Structure formats: structure tokens, C-alpha cells
Amino acid sequence: MEKVKLLSPVGSFEALQAAIQGGTDAVYFGIEQLNMRARSSNNFTVNDLPLIKKKCASDKVKTYLTLNTIIYDHDRSLMKSILNAAKKHKIDAVIASDHSVLNYAKQLGIPVHISTQANVCNIDSVEFFSAYADTIVLARELSLRQVAEIVKQINRNGVKGPSGENVKIEVFAHGALCMAVSGKCYLSLHSDFASANRGACVQNCRRPYIVKDKESGIEFEVDNEYIMSAQDLCTIGFLDKLIKTGVAILKIEGRGRAADYVYTVTKCYREAIDAFYEGKYTQSKVEKWMDNLSSVFNRGFWGGYYLGKKLGEWTDSPGSKATKTKVYIGKGMRYFSRNKVGEFKLETNQLSLGSDLLITGPTTGVIYTTANELRVNDIPVDVVKKGELFSISVPQKIRPSDKLYKLTYSE
Amino acid sequence: MIRIIHFREKCVGCNACVEAAPFRWRISRKDGKSILINSVEKKQVFSLLTGDDELSANILAANNCPVKVIKIEKFQP
């Protein structure tokens, strides 16, 4: 059995570096606006493609471009110019759902992955799309048993993609879930004229609501007023079962997320996948990974629809339940590689000895470290004040483009 | 007179403004974002002075914009 591949979300160069550091096999990203994070993520431009490709090539990481919104007539010229650029820069595949994209990508000979926006839920749909794609992302609402059955039928019927090999199945393993069936939500369009299916979702489902009787005007108390906000998908506790369904690629959601999120989630799933194949996937390790995953942005976790039974689990808070929060405090200045010391400028707040720190940057990626010794003008101090330049020991090189954050913990 | 202002950088090219006021907006074939016809650019913000007869259609364009990058101001010469 071929080892399952890990696919990480990338919305910035910081996140790209973080995904590579975390040990991902492939990354996916959007350029310009024709993707599902047109509103929330700092999307790359066509001009960023050579640098993305270069960074990924040196680590043998594959690059997938998302182009999965609904396409109108007025989008066709942009869609074609994005695909032409993808072809020119040898992007490994395009993630698409609209037939116009499938058709043009096929003409250009760019491999296609069918997006979850296409809602593939059965073997007939897989066969239909196999004329265009070698990889198909299933709808997120299927159970493990249904996923396994689709993979089994692909192998039994020999459903082959354009490359002549059996179609590969990709599923979501971690990240935010939509309260609607993916690609079928019109709530944001209805309230704000902002179509979720054009990447402009305003996330109405994440807000609290009241239930009111129109006739009497009486408001009902609801146990949980976040009646539509689904908790985040997390499969690390049953990753063995998920891999045994025969899927080829596990995908992490979150192109709108920061670099530390991408790094932590990628690293946990990398370790879990490797542990599974080495026969070292244990409950105690799962607990450790869960602790790490809880430390970055999350709305609380559930197993999604994979385990069947439950219709949905709703979160009870508006934002993140991360046990660690980060506060921006300063920026990198320079690095003394001989004694592994980084100099930073504290731009706000103050920093005391023993604080846990996070450094992120487009080339640096993500570094977690602790301020075991603080020096101002080479004199050891206990507290650094706003505006001061200070140095700490950092294991890796830091750069002027890096941002420094202080981590605080909540229970 | 009214002034129409377009913060184009955040435009997602949804076509809503073109539907509301096709005489004033069109989609660029180059980058897929909308263009405020006959506007002038200053630091990536496009603006234009025009007559009150265009007000209602452009108010609709501003209200329908999913990313709220269109502003309409009254202008007293």
C-alpha cells in the first residue's frame, strides 16, 4: 500500500515555509481572486508563482493551485490567464470544480483535482469526473464506511484517470467544517450579497442566534446560541481507521490561517502518519498531538461526519478555543550566526525572562523558543521595555522580515 | 454631483456592480476585477465625479458589493 500523502494549506509565504518545515508532501494555495478564500486570505499573485515553485522544488513538495469558485462569463479571461501561468510555471495540479476550468486545464494538459465543492458522494460521480481528473476530493459529509466503499469500487472497477492509473481519493483530515453541505450554502449571499461559492463567505454561521416566536414575540432560550457554528474537524484520534479506508491524500483545511497554525497541524499529522506506518500509532501519542492541536486556533474538535451517527456538533463560542494565544511584540533585526544569537526590537508591550516566544517570517517559517536569557547592550536583564533592542539565543537564523510574538496560555 | 470611490485592491470581481450600473462599471479582461469607467487613480484608489442621475444605480452597486469596496459621496462644487 502506497503511503498516504499530506496536503497543507498555504495563504502566505510565512505559511508556505511553515508547511515545508512541518514536513508536508504538498501544498495548495490560491492566486488572485477565483478561489474559495478570495475574501479571507492574503492571496498570492501570478508573479509569486516562480518563487512558490522554487521554494517547494528544493524540498520536493508538490504545488496545487486552487481555482474552485463558480465561474461566470466575465471570469473566463482571468481563469485562462491563471491556468496559462500555472502551465508555464509547471504547477503540479489545479483544484477545480467548474466545468470550464476542467475543460481548459485538460486542453493545456494540466492535471486536475476535483474540489470538494463538486460534492462527489458516489462512485458514479467518480467515474464521471475520471475523464478529467486523477485525484478526486470527496464531499466532507461522508462516513468512513462510505469513503472505504468508494475506494473499493474504484479498485474493483478499475476506474482510471487521464494518466491511465486508478483515480486517487483525497479527503479532509483536519480544519473548519461548513454547516452546510460544501458548496451549497447561500446564507452569506442572502444576508450580505457575498457568495460563499465565490470565496466571499461572511461566515454568518459562526455567529450566535436567538429563536423568536413571531406571533407572541417571545424569545426562546436555546442551550447553545451558536446554533449553526460547527466545531472543527479533527481525525488524529482515528487516523488509523481513516488511512485504512484506502484514501491517497489527507488534506488540512485553513488557507486563511497563520503560519503557526499551519506548522503545528502539519507537524502533528506528519508524525501521526509516520507513526501509523511504523506501527507506533498509540493512544498516548494521540493525547500529545491533541494537546498540540488544541494550542492553535480551533473551535473545539469533533470527528466530523466520518464516524456517522451525530448530525453535527456545534461550538459554544464565537472564536478560537486555542490554549495558546499570541501577542505581537516586535520584529527581527539581525542574527549573529557564530554564537546563535538573534537581535530583536521590542515595539510594544514588555518582555520578561522565561517568556515563551514565537518567531514567524516568509523565509524563516516558524520558530518556537523561550527567553532563557535576555540581554540589552550585552548586559543580562530580567525585563525588556518598549523600544529597546535586545538579544536572545535562537537555534536558527532570524531575519529583519521576521515578526516576534509572545505566547500566553489559557485553560 | 456625486463622487464614486472604488478601493479596487480588495475587489473580488463578482460582477455585482456591473449588473447594477453597467454604464459605469465593467470587468477587466486582464485581472478580472471591476473597473470604474473614466475614473482617475490615486494610490490604488479610483474615483470619479458624475451627475446625480447616476446615484440610484451606483448606490445599488455599493450596497450589493460583497466586499464593500465602493463608496458614494455627495459632492458640492
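Predicted model: local features only at pLDDT ≥ 70, side-chain atom pairs only at ≥ 80, totals over all residues.
Analyst: Two strands are said to pair if DSSP finds at least two bridges between them.

User: What makes β4-β5-β1-β6 of chain B an open sheet, and in which sense is the pairing?

Analyst: Four strands of chain B are joined in the order β4-β5-β1-β6, and the pairing is antiparallel. The two ends of this order, β4 and β6 (70-74) of chain B, are edge strands, since each pairs on one side only. Neighbouring strands are turned against each other by 25 degrees on average, with direction ignored.

User: How do you know that strand β1 and strand β5 of chain B pair?

Analyst: The criterion asks for at least two bridges. Strand β1 (residues 2-7) and strand β5 (residues 45-50) of chain B are joined by six bridges in the antiparallel sense. The two strands therefore count as paired. Within this pairing, B:Ile4 has B:Leu48 in β5(B) as its bridge partner, and B:Arg3 stands opposite B:Leu49 in β5(B).

User: How do you know that strand β4 and β5(B) pair as well?

Analyst: Strand β4 (residues 40-42) of chain B and β5(B) share three bridges in the antiparallel sense. With the threshold set at at least two bridges, this is therefore a pair too. One of the partners of this pairing is B:Phe46 in β5(B), which bridges to B:Glu41. In the hairpin of β4(B) and β5(B), two residues stand between the strands, and B:Lys43 takes a positive phi near 50 degrees.

User: Which helix lies across β1 and β6 of chain B, and at what angle to β6(B) does it run?

Analyst: Helix α2 (residues 55-64) of chain B lies across these two strands and runs at about 145 degrees to β6(B). In the whole chain there are two helices and six strands, and from the N terminus on they run β-α-β-β-β-β-α-β.

User: Why does the radius of gyration of chain B agree with a compact globule?

Analyst: A compact globule of 77 residues would have a radius of gyration near 11 Å; chain B has 11 Å, so the two agree. The C-alpha trace spans about 35 × 25 × 20 Å along the principal axes of chain B. Buried residues make up 32% of the 77 residues. Of the contacts in chain B with a separation of 6 or more, 63% are accounted for by residues 24 or more positions apart.

User: How many residues of chain B are in contact with chain A?

Analyst: Twelve residues of chain B are in contact with 17 residues of chain A. By class, the side of chain B that touches chain A has six nonpolar, four polar and two charged residues.

User: What makes helix α1 of chain A mostly covered?

Analyst: A residue is buried if 20 or more other C-beta atoms lie within 10 Å of its own. Nine of the ten residues of helix α1 (residues 13-22) of chain A are buried, and the helix is thus mostly covered. Among them are A:Phe13, A:Leu16, A:Ile20 and A:Gly22. The cover includes β1 (5-9), β2 (26-30), α2 (49-58) and α9 (259-277) of chain A, together with β16 (356-361) and β17 (365-370) of that chain. After α1(A) comes A:Gly23, whose phi is positive, near 95 degrees.

User: Why is A:Phe128 called partly exposed?

Analyst: A:Phe128 has 15 other C-beta atoms within 10 Å. Exposed requires 12 or fewer and buried 20 or more, so a count in between is called partly exposed. A:Phe128 has its place in helix α5 (residues 123-129) of chain A. From A:Leu233 it is 105 residues apart in sequence and 28 Å apart in space, C-alpha to C-alpha.

User: How do you know that strand β13 and strand β22 of chain A pair?

Analyst: Seven bridges join strand β13 (residues 324-336) and strand β22 (residues 403-409) of chain A in the antiparallel sense. As at least two are required, the strands therefore pair. Here A:Lys331 stands opposite A:Lys403 in β22(A). β16(A) is also joined to β22(A), by five antiparallel bridges, and A:Leu357 has A:Lys406 in β22(A) as its bridge partner.

User: Which elements of chain A have the lowest and the highest mean pLDDT?

Analyst: The lowest mean, 75, belongs to strand β9 (residues 219-220) of chain A, and the highest, 97, to β1(A). Chain A averages a pLDDT of 89, and 95% of the residues score at least 70.

Methods. Residues numbered from 1 in each chain as written. Chains lettered and ligands numbered in written order. Contact = placed C-beta atoms within 7 Å. Nonpolar A, V, L, I, M, F, W, Y, C, P; charged D, E, K, R; others polar. Rg over C-alpha atoms; globule rule 2.2 N^0.38 Å. Axes fitted to C-alpha atoms, helices over the stretch in contact; angles between N-to-C directions. pLDDT = per-residue confidence, 0-100.
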